[in-house]
Amino acid sequence: MMKIAITAENQGSTDVVRVDPRFGRSSYFVIFNRDDESIEFIKNQGSDTSHGAGVQAVQTLVDKDIEVLITGRVGPKAFRGLQEAGIDIYLTDDNTIKNALTAFENDELTKSGGPTGGKHPGRK
Amino acid sequence: MQITVMSGKGGTGKTTIATNMALSLQGVQFIDADVEEPNSAIFLRPELSEEEKIVWRNIPEIDHDKCNRCRECIDFCEYNALAVLGEKLYVYPELCGSCGGCKIICPEDAISDKKRQVGKINWGKINARDDCDSMEFWQGEMTIGEASAVPLIEELKKEINEERTVIIDAPPGASCSVIESAVNSDFILLVTEPTPFGLHDLKIAVELAEKLDIPYGVIINRSDPEGDEIIEDYCQDKHIKILLKIPFSRKIAVLYSRGKPFVKEMKEWREKFVDLMADIEGITA
C-alpha cells in the first residue's frame, strides 16, 4: 500500500484544483491511494492555528499512513518532522493536483533534501 | 514610581525618550525590556558587571520507555509542540509555551521537565553626570529563535528596585511581551510620531493602556508644527494629554546616528524631562 498526500487549495476535481504551495497552512490535503486509486480530500484542521501549523500537518499525514508528500515548500520544523516520520517530500510549483500526480508517477518531480530555502534562508 | 515607555509602532523613539529621560532625572533604575533588540545600552553606555544571569524555562522531556503514545498530551497542547512521528513522541522545544500541561495530563507519568535557555540578564552602573548619583541599569537579551519574551521579562522585572524611579523601555507592539513590561507600572508614556502609521499604532497602544487600567500620556517624537494635527486631533477627541513634543530636528537626528543622547548636548532638554516627571507625578498622585 502506498498513500500520497498533496496539498490542495480547495476541494473538487483533481484536474481543476491546484496544489497549495504551503504545507502547514494548506487548505486541504488530497490523499491518493495508489492501490485502489481512490482519492480523498481532507480539510487541514491546522491551517489557521496560531502555532505549529507545520507540526500539526505532519501529525495528520502520519496518522493517515502517508509515505509521500507533494507540496510547494516545507519549513524547517515540518521538514524535521517529515524526516523523522520517514515521509518523502517532492516539490512542485503552480500545478493542478492531477498534473502533479502524473509528474510524480513519471519521476519528473524533485525530491527535497532539506527545508525549502535551505538552512540559511537569507543567503543565496 | 514605575514608568513604562511604550509605543505601538516600532522605530518611533521609545529608546530615545526613555534614555534621555533617564539621563535627566535623579535616582533612576533603567530596565531595557525590549529583549529582542536591547539597544538602550548604545546610548547609556553602562559598565556591565562580568556576571550575568541565565534565564531558563521548562520544556517536556519524554521517557520513551514509559510513553505509550496515547496522545493525550498532543490533544492538550495549544502550541502544537508535540507529535507522534514513527514510534516516538517528538517535542518541538521552539514551539513549546512552557505551560507544563503535558506533564500534568500524562497518564503514564512519562513527561518530566527539562531546562531550555530563554535568554540572559545583564546589569551595571552608569555614571553619566557628576551632579547625579549613578543610574542602575538592567537589560534582558533573548535567545535567538525563542518564541516568547514573556518569561525573560518576568525575570527581569524581579530586579525592580522600588526605591528608585524605574524607567522601563518596552518592546514595540501591543502583544504579550509589551503587556508583561507595562503591568504594575504607575504610568505609561506612549511615544508616537505624526504620521498615519504613528496614529494607527498609537490607537492600539491606547487601547492596551486602557485595558491595563494604567494612567498614560502621549509624547510626540519628530514633532512638526505642520503635521502634529493628525495626533493632536485624535488626542483632543479622546481627552488624552500630550505631555511633550520632541521636534523633528537635524541636530537630534545627527546625535542619534552617533549613539549620543541629545540631553548631553542640548542641556536645556533636561529641564523639560524634569518637568515631564513632575507632570507624571501630578497625574498619578
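1. Let me begin with the sheet in chain A. Six strands form an open sheet in the order β3-β2-β1-β4-β5-β6, with mixed pairing. Strands here are DSSP runs (E, at least two residues), helices are runs of H or I with at least four residues, and both are numbered from the N terminus. Two strands count as paired if DSSP finds at least two bridges between them. At the edges stand β3 (38-43) and β6 (110-111) of chain A, each with a single partner strand, so one side of each has no neighbour in the sheet.

2. A word on conventions before going further. This is a predicted model, in which local features need pLDDT of at least 70 and side-chain atom pairs count only at pLDDT 80 or more, while totals for chains, interfaces and linings use all residues. Residues are numbered from 1 along each chain as its sequence is written, chains are lettered from A and ligands numbered from 1 in the order in which they are written, and side-chain values use heavy atoms, leaving out hydrogens and water.

3. Within that chain A sheet, β1 (residues 3-8) and β4 (residues 68-71) of chain A run parallel and are joined by three bridges. A:Ala5 has A:Leu69 of β4(A) as its bridge partner.

4. In chain B, please look at β7 (residues 111-126). Strand β4 (residues 53-62) of chain B runs antiparallel to β7(B), with 10 bridges between them; B:Trp56 is partnered there by B:Gln117. Strand β8 (residues 135-142) of chain B is also antiparallel to β7(B), over eight bridges, and B:Gly119 has B:Met142 as its partner in β8(B).

5. The domain assignment, which is automatic or from a database, gives chain B a domain 1 (2-54 + 118-284) and a domain 2 (64-109).

6. Now the interface: how many residues of chain A are in contact with chain B? There are 14, and they meet 16 residues of chain B, with contact meaning heavy atoms within 4.5 Å. The two chains bury about 1,300 Å² between them, 53% of it on carbon and sulfur atoms; this is the accessible area (1.4 Å probe) lost on putting the two parts together, summed over both.

7. Which charged pairs link chain A and chain B? The count between these chains is two salt bridges, each a side-chain nitrogen of Lys or Arg within 4 Å of a carboxyl oxygen of Asp or Glu. A:Arg80 pairs with B:Glu94, the closest N and O atoms being 3.0 Å apart. For A:Asp63 and B:Arg71 that distance is 2.5 Å. A:Asp63 lies in helix α1 of chain A and B:Arg71 in the loop between β4 and α3 (72-76) of chain B, so this pair joins two chains.

8. Over all chains, the salt-bridge count comes to 21.
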